[in-house]
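Me: I would like to go through a protein structure by question and answer. Please start with the terms.

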Amino acid sequence: MAKDIDILQFINALRESDEYIETIYTQGSCYRLHLLLKTFFPECEPLISEGKGHIVSEYQGKLYDITGEVTRDGFSYMDQDDIETAEKWSFYKHNALKITECPVCETDFCYGHTGVEFLI
């Protein structure tokens, strides 16, 4: 039987699983993190920031994102329009990850949604 895990332990384990996880879930995929948390913690409810640019999950009276527990300031419950907008957000569609740099010319190689790209 699996040990019960609390939401903060889950978030910390996820964040520590890869150096890019925090970037992914703070730059386009915060709503997807909410959906993941809701899978394991069904009572989670999504809240959106005042500027409508970040989603957190409310669970047992506290708010969480990939960084851990966050303050309630500036967050409100999402309406259907907010949810429909957030469902389109994606780190994958709008960002690239730095993989390494060329050992000869030191040009950065990045992996984005279009494949390997060179940054000058």
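Reply: A nonpolar core is a set of buried Ala, Val, Leu, Ile, Met, Phe, Trp, Tyr and Cys residues joined through side-chain atoms within 4.5 Å. Buried means under 20% relative accessible area, exposed over 50%, and partly exposed in between (1.4 Å probe, protein chains only). The model is predicted: local features need pLDDT of at least 70 and side-chain atom pairs count only at pLDDT 80 or more, while totals for chains, interfaces and linings use all residues. Residues are numbered from 1 along each chain as its sequence is written, and side-chain values use heavy atoms, with hydrogens and water left out.

Me: Which element gives the largest share of the largest nonpolar core?
Reply: The largest nonpolar core has 13 residues, and Ile7, Leu37 and Ile66 have the most contacts inside it. Helices (H or I, at least four residues) and strands (E, at least two) are DSSP runs, numbered from the N terminus. Two or more residues of this core come from each of helix 1 (7-15), helix 2 (21-26) and helix 3 (30-40). The largest share, 4 residues, comes from helix 1.

Me: Is Leu14 buried or exposed?
Reply: Leu14 lies in helix 1. Contact means heavy atoms within 4.5 Å, and Leu14 touches Ile21, Tyr25, Leu33, Leu36 and Ile66, not counting residues up to four places away in sequence. Its relative accessible area is 18%, so Leu14 is buried.

Me: What separation do the C-alpha atoms of Leu14 and Ile66 have?
Reply: Ile66 touches Leu14 as well as Ile11 and Leu33, among others, not counting residues up to four places away in sequence. Leu14 and Ile66 are 52 residues apart along the chain, and their C-alpha atoms are separated by 8.1 Å.

Me: How are helix 1 and helix 3 oriented to each other?
Reply: Axes are lines fitted to C-alpha atoms, for helices over the stretch in contact, and angles run from 0 to 180 degrees between N-to-C directions. The axes of helix 1 and helix 3 come within 11 Å and cross at roughly 130 degrees. Angles under 35 degrees count as roughly parallel, over 145 as roughly antiparallel, 65 to 115 as roughly perpendicular and the rest as oblique. Helix 1 and helix 3 are therefore oblique.

Me: Which strands stand at the edges of the sheet?
Reply: Two strands pair if DSSP finds at least two bridges between them. The open sheet has 5 strands in the order 4-3-2-1-5, with antiparallel pairing. One side of each edge strand is left without a neighbour in the sheet, because each has a single partner strand; these are strand 4 (68-70) and strand 5.

Me: How many bridges join strand 1 to strand 5?
Reply: Strand 1 (residues 45-49) is mostly covered, with 4 of its 5 residues buried. On one side, strand 1 pairs with strand 2 (residues 55-59) in the antiparallel sense over 4 bridges. Ser49 stands opposite Phe75 in strand 5. Strand 1 and strand 5 (residues 75-77) run antiparallel, and the number of bridges joining them is 3.

Me: What relative accessible area does Asp82 have?
Reply: Asp82 belongs to helix 4 (residues 80-86). Asp82 touches Ile48, Lys52 and Tyr77, not counting residues up to four places away in sequence. Asp82 is buried because its relative accessible area is 10%.
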